[in-house]
Each structure stands twice: as C-alpha cells, then as structure tokens.
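The sequence and structure are shown first, and the points follow.

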Amino acid sequence: MIQLRDIVLRRGGKTVLDRASMTIHPGERVGLVGRNGAGKSSLFRLLDGTLHEDAGDWSMPAGWQVAQVAQEMPETDETATAFVLGGDTRLAALQRELEEAQRALDVAADDESLALEVGRLHGALADAGAHDATARAQTLILGLGFAPDALERPVRSFSGGWRMRLQLARALMCPSDLLLLDEPTNHLDLDALVWLESWLQRYGGTLIVISHDRAFLDAVTSVTVHLSQGKLTRYGGNYSAFEELRAQQLRLAQGAYEKQQARIAHLQKFIDRFKAKATKAKQAQSRVKALERMERVAPVLSEAEFEFEFRDPPSLPNPMIVLEDVECGYPREGQAPLPIVRRIRRSLLPGQRIGVLGANGQGKSTFIKTLAGALEPLSGQLRLGKGLRIGYFAQQELDVLRPEETPLQHMVRLSALNAPPGAPSAREQELRNFLGSFHFSGDMVAQPVGSMSGGEKARLVLAMLAWQRPNLLLLDEPTNHLDLATREALAMALNTFEGSVLLVSHDRALLDSVCDDYWLVADGELRPFDGDLEDYQRFLLEQARRRRAAARIEAEANRVPSSNPNAPKVIATDDRFTLASDQNSSKTLSNPPPQQRQQRRESAQARLALAERLRPLRRQLEACERRMAELEAEKTSLEQSLMAPAAVEVLVAAGKRLKIVQQELEALEEQWLELSETIERISMSQPQPQM
C-alpha cells in the first residue's frame, strides 16, 4: 500500500502539504480532487520521486512500476506505433538484453552461462507479451481516436493535442503497478473519453487520477481524496458520493461550532456579570476555568464558492443567426479552398441552448469560428440578427491574453472598446468591483497575466465575456483549465443567461446541465441529433460497428476470385442475383438480353485470365505460409527447450538452430510481403469489363 505520514511539502514559499497523512490500498481507484493550485500535481511529483518531502515520511511497495503521462511534447520521427510501443519499458529492456546476449553467444558459442541467459530472456519476452505487443499498442492508438492510416505516420507530423494523446497511449502501454493520470481528458473528445473510461475500469493496478470532469471521476474511481488547506482527507466512493459526504460533514462541523460558540458566549456573559460579586466569585472562577479547559471547535473554513453571472443582454434578436447553404472551411493560398462542413441550413433562435457534438477533426471548431466571424463562409449566406452581440470563447482564447498586462489593464481596454460612441469608459473602481466578483481582488488585479495559472486565465476570459453583455455565447471547450467548482459556477451562469448558447465541450456534466438540444457535426454535415448524451454514446458504438462492417464488406469486395472451378460465384444482374456452379447450369430469375450476355462472357474471361495470372503467385504464397507455420512451431519448441535444464552442448545447438530459424523466418516474411503486394497490385490494375 501507499502510506503518507505527517508529510510536509513546500514549493517555494508555499506549504503544499502540512502534516498530511493518507493510505491507499493496492488496486484502489482514487480520484484526487481540490482547487486549482491546491497542490495535487505536486503530490504526484512526490509519488514519482521528482520532489522530496520536507518532513514526515512515506512508503510504497518496493519494486512497484509507476506509469504516468509525460508532459513534454514529443519530437521524433518514430511512427505512432513505435512510439507507443516504446512505452512498454520492460519489453524494450528485455529486447535489448536479448540482442546483447545473442551477440555475445555468437562470439563464445560454448559459453554455458550465455546459452542459459539467452533461453531465460526468450522466456521472459514471452511472459512480457512480446507476441502481441504491436497489436496492443495499435489498439490503444485507435481507441484514443486515431484513424487507421495514422498508425505508421511519424509522431512529429501530428498537432500538439494529438501528440499528447500519443503520450497517454504510451503511458497506458507501460505495464504498471501504479498509474498516475493528471487531467487525462483535456485533449479527448467524447468517443475517446468513453473508450478511456472502459480501459481504466479494466486496469488491474492502483490508479490515482486528477480530473475536473465529474462524469469521468464517477465512472472510474471508487475512492476520493480531497486536498484542501494542506490536508488530505479520504472519502469512500466516487466524486458524487464525496460531495454528499463532505456536505454532511460541513453541516455537522458548522453545527458543532455554532453550538460551542453559544456555550462560550453564555459562560462569558456569566463571568462578566458576576466576577465582581463576592457571592458569585467562586462560580465565576469555575466558569473561567471551564473556558480555559474547553477544546475549541475550529470554525468551518470551507473554500470560498465561486459564483458569477452573465449580465442581461440589451436585446434578443429573433432569429439570432440564419445559415442558408453555408459551407465552412479554410482558404488556401494558390489552391482551392478546403471545405470541412457543407450545406448548413440552420437557424438559431433566442434562448436556445445547443450542444455541438462530433469527433475531433469533424469540424466543430471550424463551424463555431465561422459563426463568430473568425472565418468567412466559403459559400452560402450567413445572416446575423440586428443587434447581435457575440461572446466567443475559443479553445486558444488563453493565448490571446497579453502576458505582460494585468487583469485590470485588460478590462480597461475592453471597457474603452465597448463603450457607446461619445460615452466615457467605466471607472476603475467599477472595473475592480467587477473583477472582484470573479475572484480577482486585492493585488491580483495588478498581477501580470503571464504569471497566472490556466484556471485564473480562463476565469479572466469569462469575466471579459460577461462584461460585453452578449446575447449569443459561442463556447468552444471553455472548461479545459477550469476546476470543478468553477465548472459548476459556469453551468449555473449559463442556465440563468437569457440569450442563446452554442457549446462545444467534452464535459458531459456541463453539456447535460446546460443544453436542451444537440447538433451533430459528422461526415462533412451538420444535422440535429435526436437524443441525449446517453443516446450519443450508443450512437458512437453503433458507428464503430458500422465502420467495422463496412471494412469487412470492402475486404470481401476486393478479394480476388478463387481459381477453384467448383467454387460458387455470385453474379449481379440488375437487382437479381444468380448463384452459378460449374457442376450444374446457371439458372437466372429472368433471361438477360444479348448485350448483357456478352458483357457476362467478357467478365468471365477477364476473371479467368486474372486467375491464371495469379495462380503461380498464389501457390508460392501458400507454400511460403506453410513453411512459416512450420518454422514458428519449431521456434516455439526451441525457445521452450532453452528454458529447460539440459547439457551445455544441447543448449548451444538449440541456440544456434534458433538463430537460423529466426533468419529464415525473417526472409520468408519479406518474401510473403512482396508476393502479397504483387498479387494486390495485379488485382487492382486488372481492367474490369463494363457491366
């Protein structure tokens, strides 16, 4: 188990952990929650050995393998598959050891210890899952939302968000006893998030996850540890259970505190009234001693709740926006524009709250940017209602803040831009008061934005949106840097907002609490989605099944016809089908016209010519496959013999034979690949008769 005992941890001048204690049992799934800046990531750095405690001690079972997502952006020409496969550190180490041992054995063939070591390493590789490692790595990559053609692309060719997904896949690939995940959902869309939940539910080790996604925490955790004011408090249950238990504890603590304060006030009143009277002096003195002996109940210092609201818009145009055959996409210099979403015919009415669904890369952000005016429509007509005022929160909105300026300077500039013509901008004190409602008070209004956390920057962007009094909010992943309390405040503010909302988010709790309807961006189109988020998850699973079915159909369609004369053939004639066999005459549902019969003869001749051309290649391929199967069986037998006790000369002979088998296998694999590519090339290049 993991045990922390009276740990003190400081970062700079801040005490992150103050005599904190915690116990986590093997196999538990723990959600670590707390305000942004409370020290959750610092606790992870303690557990992975990056930081060291200032006082106290902690322990973890010796030999535990710790896996976590690397934060640096990978810059490598490795393929996605190879990069993720490298996350299995145990497998990589064993493969290096085997290569070194094999080279040494080639030099000293009679060395008994080297032969034994080679045998041991072959067994260790088998135990480590070397036979299916590539398949496991590719399953992780595809599960996190990558297309099949991305498996062999170099890592550096992906954008930052996709590279972080590869880092996550690499961490999941690592065989671990303890998995530390710090905000793993930030770069995932809903389909990848659902897949990750199912994977983590099957994970056999100890899991500690930091997340601000309530639905994700509820799905994958069974224990919650709350970090607040330097203390760690353990609660049984997921995040929803933690909220209920903590609310009960706060109510009980507040009640005990208030009851004690009433008792103290009563005693103090008696003392003040009778301490000067000789007849009551003894009783007054006993009450003074009672006050001194009383163990005081601390006041409930719960973290200040954050609440804000979007001010009422000056008007509500009806309709807000009308799109007529709008095509969204990107202009390209010297080339035709790149369309992403086509033929959009929608209108947005006052008060609508719409969630925009769709996988990453389908065009959700492109659509929102077009509505916001950041992109011009490639075609069609986009009409804005009279008096429309858009508040736009982009995924990269934090990047447009000026790092050297303060929150107050941002608000002063925004106030001047939004003031009516001829009217003065807002007074500084008004702006200070407004920022205070977003928890920017005191010295924080004069602190450079560049030194603030991501959550504080996101809060400033929300303040700037609210100041503009929009009647339409376009929010593209607004929660990426927000903690749970701020997400809940955002949901409350959106629910009291009188205008319209278009929301793109992977936070299902926010979507579910805010949105009444959903639009789906998929396959280059935007259309209404009839259902809720549970229906959408079922829709994603159904889409995956359809893709698999389509792939099977395509594979069948591309399969080369068999050269077996007895094999049945299916011939399509309009919408009627004929099952033909060489052993009995064809019987069709109707007699085809002469032109069609000629086309059939030409088609049959083409198939026969193709079969004749491919027959020798297919025979070579089959022979190659038979020999590879024989060598695989011999290789397995040799590896087992190397692990069993035997005489030195027997082990040496087995090692030499294994090397020969491996070399022949590699050569046959190359030959098999060349034959397969040749067959495929001939099949694809064969001209097909017109049907």
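Helices, of at least four residues, and strands, of at least two, are DSSP runs numbered from the N terminus. In these terms, Pro-319 belongs to the loop between helix H10 (281–293) and E10. The model is a predicted one. The points below cover its sheets, a hairpin, its salt bridges, a charged surface patch and some backbone features.

**The three-strand sheet**

- Three strands, in the order E2-E1-E4, make up an open sheet with antiparallel pairing.
- The edges are taken by strand E2 (14–24) and strand E4 (55–59); each has a single partner strand, so one side of each is left without a neighbour in the sheet.
- On average, and with direction ignored, neighbouring strands of this sheet are turned by 25° against each other.
- Eight bridges join strand E1 (residues 2–11) to E2 in the antiparallel sense.
- Val-8 has Asp-18 as its bridge partner in E2.

**Salt bridges**

- Side chains of opposite charge can pair when their charged atoms come close.
- With a cut-off of 4 Å between a side-chain nitrogen of Lys or Arg and a carboxyl oxygen of Asp or Glu, the count comes to 24 salt bridges.
- One of the salt bridges is formed by the side chains of Asp-6 and Arg-19, at 3.8 Å from N to O.
- Asp-6 is part of strand E1 and Arg-19 is part of strand E2, so this pair ties together parts that are 13 residues apart in sequence.

**The six-strand sheet**

- A second open sheet, of six strands, runs in the order E14-E15-E16-E12-E17-E18 and has mixed pairing.
- Neighbouring strands here are turned by 20° against each other on average, direction ignored.
- Within this sheet, strand E12 (residues 353–357) pairs with strand E16 (residues 500–504) in the parallel sense over three bridges.
- Gly-355 has Leu-503 as its bridge partner in E16.

- Strand E10 (residues 321–332) pairs with strand E11 (residues 335–348) in the antiparallel sense, over eight bridges.
- Ile-321 is placed opposite Leu-348 of E11.
- Two residues lie between the strands of this hairpin, in which Gly-334 adopts a positive phi near 75°.

**The negative surface patch**

- A patch of negative charge on the surface gathers Glu-632, Glu-666, Glu-669, Glu-670, Glu-674, Glu-677 and Glu-680.
- Helix H19 (residues 648–685) gives the most to this negative patch, with six residues.
- Glu-674 is located in helix H19.

**Backbone features**

- Most residues other than glycine have a negative phi, and most peptide bonds are trans.
- The peptide bond from Asn-318 to Pro-319 is cis, and its omega is near 0°.
- Arg-19 has a positive phi, near 55°, in a residue other than glycine; Arg-19 lies in strand E2.
- Arg-469, likewise a residue other than glycine, has a positive phi near 50°.
- The location of Arg-469 is the loop between helix H14 (454–467) and strand E15 (472–476).

Definitions and conventions. Residues are numbered from 1 along each chain as its sequence is written. This is a predicted model: local features need pLDDT of at least 70, side-chain atom pairs count only at pLDDT 80 or more; totals for chains, interfaces and linings use all residues. Side-chain values use heavy atoms; hydrogens and water are left out. Patches are made of residues with over 30% relative accessible area and no salt bridge: like charges are joined within 9 Å, nonpolar side chains (Val, Leu, Ile, Met, Phe, Trp, Tyr) within 5 Å. Accessible areas come from the Shrake-Rupley method with a 1.4 Å probe; for residues, only the protein chains shown count as cover. Lys and Arg count as positive and Asp and Glu as negative; His and the chain ends are not counted. The place of a charge is taken as NZ of Lys, CZ of Arg, CG of Asp or CD of Glu. Two strands pair if DSSP finds at least two bridges between them. Axes are lines fitted to C-alpha atoms, for helices over the stretch in contact, and angles run from 0 to 180 degrees between N-to-C directions.
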